[in-house]
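I opened this notebook to keep track of what I looked up, entry by entry. The structure comes first, and my notes come after it.

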Amino acid sequence: MIIAVFAAFAGTFATASAFWYGRRMPQRRRIGYAPFCVRSACCCRPCCVVGVCVLSEWSLFWVGGGGTPSLSDGLSLGSWSGLPEREQALGFRDRQPILVDPRGRVDPRLVGFFRRSWFSTRSFGTQDAYVRDYRLFFTFLWQAGRSWDQARIEDLANWEHWRLRGEGNPARIGGAKWQRELAALRGLYDWAAAREIVDASPVALRSVRTRDGGVVQVPELAPSDVRSSDVKWLTPRAYRLWRDVGLRGRRPDGRVDTAWRGRNEGRDVAFADTSFSSGLRRREAGSLLTVELPELEVGRRYYPGRVGRAVAKRAGRYFYVAHEALKAVESYRLTARAAAVRRAQKRGWYERIADLRVVEHVGRRGEIVWTERGGRTGRAHLGELDARVRRLLYRRGEAGLEPLAVWLTETGMPLKYTSWNQVFERANARCLVLGLTVFATPHMLRHSMALRVLLSLHFALDRRLGLSPEQRRDYEELYGNVWAIVKDLLGHRSEETTREIYLEPLRGLQLETLLSDDAPESTEVLARLAQRTGLVLDVPVGAWV
């Protein structure tokens, strides 16, 4: 679908007019502006002058998604046949972002940045977050009378103050989000400075000495505290209480709540158990396909699976999910999910999907072959399929088409991974109404898995195996240290990230004193950490779980 059709009043920018054409990805927010319809990924305030709409903010659009352009008021811009081929000829890649300034112009330098730079190598989730950060900062600059390539150090300082501490800002952000925005801006302006598009980057740097004696450059506006929440971890019993009350509809005392009207508890519990067990990110767990699920076996406690590179944050990796969590997924697949699929098949909803891809073959090594509308054949590796493409994959069975996506809505359609935030928010709200202080987010479940694994590995090496310090060093040389193991499970880039950001409760604590000679269970150790640090969320021992 067309993403920006400003040619009616953008004639002064004819040299870049080719960049106005593309197909828009579906977005949650759609806004129509006179004199014709333009659908945007953001909410922009229009200012209509003499019948022409002039925006006061930068607009964000995406290439891709298929469909046919729809124009109102009889506006015609010629034939739109062969739109994908025209986009390809112009050098666009699928799902490439395009930023449009308030005058309706596209800067080809930004197009080049989005198309061929370090930005294009990032995951779609990172690209989506970064380009929205750019849009906000560019709008801030525009309202100050400057374009994006005129940003000064003081502009960024003012922006930092507004984002974190502005008295009139109704949506202030924390240090963690500002750190991400700063990384996005630094990457863009370093790229622009290297090509002499800007005289200098507005991101001022200072030298910092590292632990090993080296020197690195960090932004002067880097936050000193990147903690997004005072609580990032849940003990197993706190998690079970949150899950059973928030997702299963139980009461805090364990009784069934007769007023509970939840319709997707099997799905929601299975997703939460999978996340808590495996440590998968929201996008990773939320984009799983049925062909990627391990098969249940008798006597196994954990099952290996593979995260695709296109849905992982950086690279594909193996993950491990507990037997009980996988059993919950299988139960959901055979009951509520199967019922949703039957309803959709009966109503013919799957047959109406324009970009449908019917999978013909899935190889043992993950090779996948599909057929699109019109008979065109495509092939790729499962690891190369991002979240959007995964929602388009179907298989044809005896009863008709069926999605390959594991998680479905009640209507039988693939669930967007971003929708899980709303599920967790509803569960948190229910717990709060019932007087519980326990809460969770998908990322908290990931953190909690990492902490449990770390404690268990330390306990296994120091107590169960009875290793001396020398033997432990030999063991770690052979199999890797516990931090490296957890780093690999989480998919972190470096061990330092695992140590400094994700496992705060253990900083400054001696595991030897926590893991006493009576060999306590990991739940007891987590309870001690909750009491001593305040960073781990726990519930009283007598609470029903």
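**Entry 1, ground rules.** I note that this is a predicted model, in which local features need pLDDT of at least 70 and side-chain atom pairs count only at pLDDT 80 or more, while totals for chains, interfaces and linings use all residues. Residues are numbered from 1 along each chain as its sequence is written, and side-chain values use heavy atoms, with hydrogens and water left out.

**Entry 2, a sheet.** I looked up an open sheet of 5 strands and found the order β12-β11-β10-β13-β14, with mixed pairing. β12 (377-381) and β14 (400-403) stand at the edges with a single partner strand each, so one side of each has no neighbour in the sheet. Neighbouring strands here are turned by 40 degrees against each other on average, direction ignored; for such angles, axes are lines fitted to C-alpha atoms, and the scale runs from 0 to 180 degrees between N-to-C directions. I kept two conventions beside this: strands are DSSP runs (E, at least two residues) and helices are runs of H or I with at least four, numbered from the N terminus, and two strands pair if DSSP finds at least two bridges between them.

I then turned to strand β3 (residues 59-62), which pairs with strand β4 (residues 97-100) in the antiparallel sense over 4 bridges; here F61 has I98 in β4 as its bridge partner. From β3, S59 and F61 point one way and L60 and W62 the other way, and all are buried (under 20% relative accessible area, with exposed over 50% and partly exposed in between, using a 1.4 Å probe and protein chains only).

**Entry 4, the loop between β12 and α11.** Which residues does the side chain of D386 reach by polar contact? D386 lies in the loop between β12 and α11 (387-390) and counts as buried at 14% relative accessibility. Its side chain makes a polar contact with the side chain of R95 (2.3 Å) and reaches the backbone nitrogen of V389 at 2.9 Å; a polar contact is a pair of N or O atoms within 3.5 Å, where within protein one must be able to donate a hydrogen and the other to accept it, and residues adjacent in sequence count only if both atoms are side-chain atoms.

L385 is placed in the loop between β12 and α11 and is buried, with a relative accessible area of 4%. Leaving aside residues up to four places away in sequence, L385 touches, among others, I368, W370 and L393 (contact means heavy atoms within 4.5 Å).
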